[in-house]
Amino acid sequence: MADTPLQIAGRDPKVEVPLTVREALSDSAKNIVAGVQSYADLALHSVTNLATGPRYFQDTLAQMDNIGVGSLPIILLSGFFIGAVMVLQTGSQFVRFGQTSLTGDVVSLALVRELGPAITGLLVAGRCASGMASELGSMLVTEQVDAMRAMGTDPSRKLVTPRVLATVLTFPLLVALSDFFGLLGGCLASVFSLRLDAVEFWRRSVDVLEFADLMQGFAKALVFGFILATVGCYKGLTVRGGTQGVGRATTQAVVVASVLIIVADTFLTKLSLYFANKLF
Amino acid sequence: MISAAISAGGSAAPITFLDVHVGFDEGEILKGISFQVLSRETLVLLGETGTGKTLALKLAAGLLQPLNGTVNVLGKDVSEMRERELLEFRRQIGFVFQEGALFDSMTVADNVAYRLREERADEQEIEERVREALRFVELEHTLELFPPELSGGMRRRVSIARALINRPPIVLYDSPTAGLDPVTSQTIISLILRLRDVYGVTAMLATHRLQDGFAMANYRFDPQAKRVVRDAAGDAAKAAGTRFLVLRDGGVYFEGTPEEIANSQDTYLRRFLV
């Protein structure tokens with residue numbers, strides 16, 4: 001073979017040994033366990049970092065602005081129309097029994113306990129978990145995360161904790177505003193579609209709510225906020241495969257966060273109902 | 001043999017690698033490399049793509065942990081340190097990444113000031129030192145620009161300014177001239193020379209361009225003339241100390257002076273001289 005500089009780049013081709021089904025399943029199970037462990041580690045550190053310095057308040061405020069204020073338009077708009085469509089759907093059934101006055105009760109309970117946190121969770125997951133994954137993923141592939149470590153900064157403290165804290169703090173506020181705009185939309189729909197009295201709708205909507213209902217809604221908001229921020233950060237900081245990997249991580253962040261939010265919702269509802277019966 | 005010599009010589013050198021192994025899922029990349037970088041010396045790491053030059057730099061900065069072996073930097077066993085200790089330790093090391101790795105959401109000034117802000121330095125002091133560092137790389141006019149607005153060469157120069165902001169005793173350069181045109185590459189090498197001759201840093205320079213290493217060996221920064229001048233006698237290389245280390249197939253293929261590599265008849269080494 002000619003002794004040319006081109007040979008420098010040449011390497012012996014690797015011989016790929018095909019895996020057996022058992023090996024493939026075993027590898028896949030190991031990867032899943034390692035992934036869960038690594039996610040749990042990141043989530044735990046995002047909280048324990050708060051106990052010791054350095055803390056990044058400016059970064060947290062910037063993230064609160066991005067996550068909270070930035071998400072307002074989609075949250076308010078979707079909350080308003082979800083409230084309105086709830087009234088249209090439930091009202092059309094109540095009309096059959098002549099009980100349209102119950103519409104406010106149903107819409108209020110559904111929004112505060114369930115739809116407000118869940119829909120806000122899914123929308124913010126779509127907007128922010130994807131944003132976090134793509135931003136952190138891009139930083140990782142362009143060695144900015146390594147540069148941060150090389151300059152003595154812990155990426156977990158600088159990048160993850162401010163995002164998680166900002167999301168957990170702003171998410172309940174977003175849910176509260178979403179609930180309020182949902183009731184507003186429901187109120188308008190009930191006035192114009194069901195010919196209900198606005199004051200009566202509002203009074204029943206507020207009266208039907210108990211402390212346990214508000215607790216259920218806000219407990220869900222805290223948990224959903226934590227899930228979507230940690231999943232977004234985890235997917236971003238575990239990107240593999242360059243820019244293509246960033247795209248994949250972004251999609252996975254939204255999918256995983258959304259599924260986890262729905263699964264967590266089921267368990268939180270059961271737990272909340274249990275505590276509501278025991279405590280309140 | 002090298003390992004035994006290093007073991008016997010102790011760890012007075014700022015950087016010592018002893019029988020270091022590093023590997024990933026696809027196998028071992030470094031299979032027991034040993035070398036030392038002496039004080040104020042520049043070690044030029046040469047090798048093909050994928051031979052572990054960047055890995056060696058990351059090991060020296062404690063950004064990676066070896067599978068086996070010892071990495072001793074500034075008298076500390078980096079391979080045994082916990083991440084929290086390493087974060088503190090890395091403040092004594094400047095790292096110039098291949099593509100600059102500047103934070104693209106921050107201005108040039110904020111990028112350069114990053115380390116000082118982390119250390120909670122006084123804002124006035126930060127401004128002065130940022131200007132000084134950017135003046136050093138002749139980019140004082142880019143203070144308010146963002147990295148995407150800079151050319152590739154300018155980004156590397158900002159990265160050098162960021163690395164030198166707190167005057168670290170060790171600077172690690174990861175292919176600082178890769179992908180740059182010859183003129184810009186020359187500018188970058190001139191800056192590295194200035195950093196060596198003005199601040200007396202100990203350095204590791206990973207590159208696949210032999211001419212970068214020879215430039216380090218044959219030129220020096222003249223403080224009187226304030227420019228880089230050729231040193232025909234090669235005294236600058238001896239005074240500042242430039243050595244070459246060629247990595248191949250996971251091991252150290254060659255270690256020696258600029259003269260030794262230039263006069264080598266080895267077929268593999270001659271390829272780098274083409």
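Glu200(A) is partly exposed because 14 other C-beta atoms lie within 10 Å, a count between the limit of 12 or fewer for an exposed residue and that of 20 or more for a buried one. The structure described here is a predicted model. Glu200(A) belongs to helix H7 of chain A, which covers residues 198-207. A distance of 8.4 Å separates the C-alpha atom of Glu200(A) from that of Gly104(A), although the two residues are 96 residues apart along the chain.

In soluble globular proteins, nonpolar side chains tend to be buried together. In this model, the largest nonpolar core consists of 135 residues. Leu228(A), Leu172(B) and Met204(B) have the most contacts inside this core. The element that gives the most to the core is helix H4 of chain A (residues 103-141), with 15 residues. For Leu172(B), when neighbours within four places in sequence are left aside, the residues in contact are Leu57(B), Ala60(B), Ala61(B), Ile93(B), Phe95(B), Val96(B) and Met204(B).

The contact between the two chains takes 15 residues from chain A and 18 residues from chain B. On the side of chain A that touches chain B, helix H1 (6-9) and helix H5 (144-150) each supply at least two residues. H5(A) provides the largest share of this side, five residues. Sorted by class, the side of chain A that touches chain B comprises six nonpolar, four polar and five charged residues.

How values were computed:
Residues are numbered from 1 along each chain as its sequence is written. Chains are lettered from A and ligands numbered from 1 in the order in which they are written. This is a predicted model: local features need pLDDT of at least 70, side-chain atom pairs count only at pLDDT 80 or more; totals for chains, interfaces and linings use all residues. Helices (H or I, at least four residues) and strands (E, at least two) are DSSP runs, numbered from the N terminus. A nonpolar core is a set of buried Ala, Val, Leu, Ile, Met, Phe, Trp, Tyr and Cys residues joined through C-beta atoms within 7 Å. Two residues are in contact if their C-beta atoms, placed from the backbone, lie within 7 Å. Ala, Val, Leu, Ile, Met, Phe, Trp, Tyr, Cys and Pro count as nonpolar, Asp, Glu, Lys and Arg as charged, and the others, Gly among them, as polar.
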